Amino acid sequence: MDLYRPARPSGVRKLLWTGLLVYFLLTATPLAWYYGRPLFVSTDARKSDVIVLLSSGQIDPQWLTTDAAQRTLGALQLFRENYAPAIISSGSQHGDGLQQAELQAAWLERAGVPESAVVVENHSTRTYESAVAVKRIMAQHGWKSAVVVTSQMDVPRVRLVFRKSGSKTSYLPVPEFRKPHRFDYFHFAQAVFYHATYEYAGLVYYKLHGWI
C-alpha cells in the first residue's frame, strides 16, 4: 500500500525562496551596510587649485535632492575653509529637463560664494563626460589640481575615471547613510543596497567602455 507523501518543493521554488530571503536580508537589515562597505572611503581632501562639485539629483526647478544638497554643502564648506578659490559645478541633464549644475551654482551663490568663483559645466551627463570637461576647464584656467566632492560610495569609480583622464585629484566623500546601530535598518537598507549595486555595476560598465 502506497503512503501519501507530500510533494517536495521544486528546485525553482527553492531558488525563488532563497532569492527572496537574500533580498530581504540585504534590503531590510544591517547586512546592506556591509554589502556596500567596500565602497566606503575616508576623505583625503587637500588644498587644491579648484573644487569640483559633481552633480546629483534635482526635485524641481528650485530644489536639489538631499544627496545633491549635501554635496553642495560639502563644496561650500571646502570653499569657506580655503581649500580652493574656485568651484566647478559639473553635470546637467537638459534632455530630461534637469539643470543640476546651474541649480547647484545658484545655491552656492545664495550662500555667499561670489559668482566669479563658480564655473558652470552643464554639458556632461555622466561621470566620464564630467571628467573630460573638467580637465579641459582646468587646462583653460591653468589649474593643476582639484578636490572633488561626490557621494561616498561614488568615490571608487569617480577616482578611477579622473585618474584615467590624467587629472590630479583628492576627494571629499559625502556620507549618504548612517551606520546601523540595531537590527532594524529598514529605512536605510534598501537605498544602501540599490546604490551599492548601482556602483558595482557601474565599475564593470566603465571598465568595459575603457573609461577606467
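This passage walks through the overall build of a predicted protein model and then two local spots in it. Local features need pLDDT of at least 70 and side-chain atom pairs pLDDT 80 or more, while totals for chains, interfaces and linings use all residues. Residues are numbered from 1 along each chain as its sequence is written, and side-chain values use heavy atoms, with hydrogens and water left out.

The protein chain carries seven helices and seven strands (DSSP runs: H or I of at least four residues for helices, E of at least two for strands, numbered from the N terminus). Starting at the N terminus, the order reads α-α-β-β-β-α-β-α-β-α-β-α-β-α. The C-alpha trace spans about 90 × 35 × 35 Å along its principal axes. Of the 212 residues, 47% are buried (under 20% relative accessible area; exposed is over 50%, partly exposed in between; 1.4 Å probe, protein chains only).

S89 sits in strand β4 (residues 87-90) and counts as buried because its relative accessible area is 0%. Its side chain makes a polar contact with that of Q104 at 2.9 Å (a pair of N or O atoms within 3.5 Å; within protein, one must be able to donate a hydrogen and the other to accept it, and residues adjacent in sequence count only if both atoms are side-chain atoms). Beyond neighbours within four places in sequence, S89 is in contact (heavy atoms within 4.5 Å) with L53, A101, Q104, A105, V119, V120 and E121.

Over in helix α1 (residues 11-28) lies L20, which is partly exposed because its relative accessibility is 44%.
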